[in-house]
Amino acid sequence: MSVWKKLVSAIKGGANEAAEAVADNQALRILDQEIREAKEELRKSDHSLTQIMAKRKLAEQKTQSLSASVTEYEGHARKAAGTDQQLALDCAQKVVELQAQLDTEQKFVDQFNQTEQNLRRSISQAKSNLRRMEQQVDMVKATESVQKAQVAVSSRHLGANSKMKTAAESLQRIQEKQTQRAAELQSAEELASEESGSDLDARLKAAGVAGSATSADDALARILAGK
């Protein structure tokens, strides 16, 4: 692969990662919007179901009316058969026409019933899926909040550690300066002692050549010797 092709692939990869990062950041908002849209579609589905149920009820009422008419004209045909054959045939023809209308209307009722059952089943499944999705979104939001809190606590802990490190370094610098200053003061005292001659007296006293300490030793020696 040439350098230019590698560069183009790298740019494409970076663009995809950036797009995925933006999508991840907006994932919860997208989910909320999708849930709102799903609820709106379910509301429309419920409205469609009520329309189907209303049409089914009207068709049932029509079949009941047609069935009553069929029964009525069958009775008329039976009564007329004994006195007026043509009237009986006319009533029978009416029964045939009503029965045809009844059969057609009954098909509508059956279709409405089938459609209603299918819609009820689909809507119930969709509502169940939506409830499950809402529960999962709630859990995701709760987990997101907890993780944000954990990140905040962790960041503060890291910040506190950094501040402690800085304070310890400052303390060490102060201690080093104080040690340096103490050494300078001690050196200054030694120089001043040498200039005043007290240093020589101190060295004589330490050597037992002069000073009250040697005289006291001599006095104690005489006391112990009983002189």
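1. A residue is called buried when its relative accessible area is under 20%. In this predicted model, glutamate 105 has a relative accessible area of 11% and therefore counts as buried. Of the 227 residues in the chain, 11% are buried.

2. The chain contains 5 helices and 0 strands, giving the pattern α-α-α-α-α along the sequence. An unreviewed UniProt entry annotates residues 21-48 and 109-143 as "coiled-coil region". In the model, residues 109-143 are 100% helix, and their end C-alpha atoms lie 51 Å apart.

3. The salt-bridge count is 9. One of these joins lysine 127 to aspartate 46, at 3.3 Å from N to O. Because lysine 127 belongs to helix H3 and aspartate 46 to helix H2 (residues 27-81), this pair ties together parts 81 residues apart in sequence. Lysine 127 is partly exposed at 32% relative accessible area, and aspartate 46 is partly exposed at 27%.

4. Glutamate 116 and arginine 56 form a salt bridge at 3.0 Å, N to O. Glutamate 116 lies in helix H3 and arginine 56 in helix H2, 60 residues apart. Both residues of this pair are buried.

5. Lysine 62 pairs with glutamate 105 in a salt bridge whose closest N and O atoms are 3.9 Å apart. Lysine 62 is in helix H2 and glutamate 105 in helix H3, so parts 43 residues apart in sequence are tied together. Salt bridges with shared partners also join Arg56, Glu60, Glu116 and Arg120 into one network.

6. On the surface, Glu189, Glu190, Glu194 and Glu195 gather in a patch of negative charge. Glutamate 195 lies in helix H3 (residues 85-196) and counts as exposed, at 72% relative accessibility.

Notes: Residues numbered from 1 in each chain as written. Predicted model: local features only at pLDDT ≥ 70, side-chain atom pairs only at ≥ 80, totals over all residues. Heavy atoms only, no water. Patch = residues over 30% accessible without salt bridge, like charges linked within 9 Å, V, L, I, M, F, W, Y side chains within 5 Å. Areas by Shrake-Rupley, 256 points an atom, 1.4 Å probe, with all protein chains shown as cover. Salt bridge = Lys/Arg side-chain N within 4 Å of Asp/Glu carboxyl O. Lys, Arg positive; Asp, Glu negative; His and termini not counted. Charge placed at Lys NZ, Arg CZ, Asp CG, Glu CD. Helix = DSSP H or I, 4+ residues; strand = E, 2+ residues; numbered from the N terminus. Buried < 20%, exposed > 50% of the residue type's maximum accessible area, 1.4 Å probe, protein only. UniProt positions renumbered as here; feature names shortened; annotations may be inferred.
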